[in-house]
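I opened this entry to record what I looked up in the model. My notes follow in the order I took them.

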Amino acid sequence: MAINIEELYQATIKPLPQADRLRLLVLIAQDAAEPIATPTRSIMELEGLGAELWQGVDAQKYVDMLRDEWDHRP
């Protein structure tokens, strides 16, 4: 069920005394001003990511190959 904001305002909020509408406005403004909570992430969540790409690769040979490429750069 979708809430029609205009109908909600007309039926519920507009009839309120001005002081109550102002208090409601303050509450809505404070709620809207709160920062959106973002979940904190840990670098440890990346542990093991892509491990299948390195299966069967000898780490020392790979490093040696990279160093050899560096030696031949202009």
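I checked the length of helix α3 first. I took its 13 residues, 59-71, at 1.5 Å a residue, which should give a span of 18 Å. The end C-alpha atoms of α3 are 19 Å apart, so the two values agree. This is a predicted model, so I kept to its pLDDT limits: at least 70 for local features.

Next I looked at how α3 begins. D58 caps the N-terminal end of α3. I found a side-chain oxygen of D58 at 3.2 Å from the backbone nitrogen of Q60.

I ran the length check on helix α2 too. Its 16 residues, 18-33, should span 22 Å at 1.5 Å a residue, and its end C-alpha atoms are 22 Å apart, which agrees. Then I asked how many residues of α2 are buried. The count is zero, and α2 is hardly covered.

I turned to the surface. L53, W54, V57, Y62, V63 and M65 form a nonpolar patch there. Together they have about 560 Å² of accessible area. I located L53 in the loop between α2 and α3. L53 has 66% relative accessibility, and exposed means over 50%, so L53 counts as exposed.

Last, I went through the whole chain. I counted three helices and zero strands. The radius of gyration is 30 Å, well over the 11 Å that the globule rule gives for 74 residues, so the chain is more spread out than a compact globule. I noted spans of about 80 × 30 × 25 Å for the C-alpha trace along its principal axes. Of the 74 residues, 3% count as buried. The accessible surface comes to about 7,500 Å², and 60% of that belongs to carbon and sulfur atoms.

Notes
Residues numbered from 1 in each chain as written. Heavy atoms only, no water. Helix = DSSP H or I, 4+ residues; strand = E, 2+ residues; numbered from the N terminus. Expected span 1.5 Å × (residues − 1). Polar contact = N/O pair within 3.5 Å; in protein donor to acceptor, adjacent residues only side chain to side chain. Buried < 20%, exposed > 50% of the residue type's maximum accessible area, 1.4 Å probe, protein only. Patch = residues over 30% accessible without salt bridge, like charges linked within 9 Å, V, L, I, M, F, W, Y side chains within 5 Å. Areas by Shrake-Rupley, 256 points an atom, 1.4 Å probe, with all protein chains shown as cover. Salt bridge = Lys/Arg side-chain N within 4 Å of Asp/Glu carboxyl O. Rg over C-alpha atoms; globule rule 2.2 N^0.38 Å.
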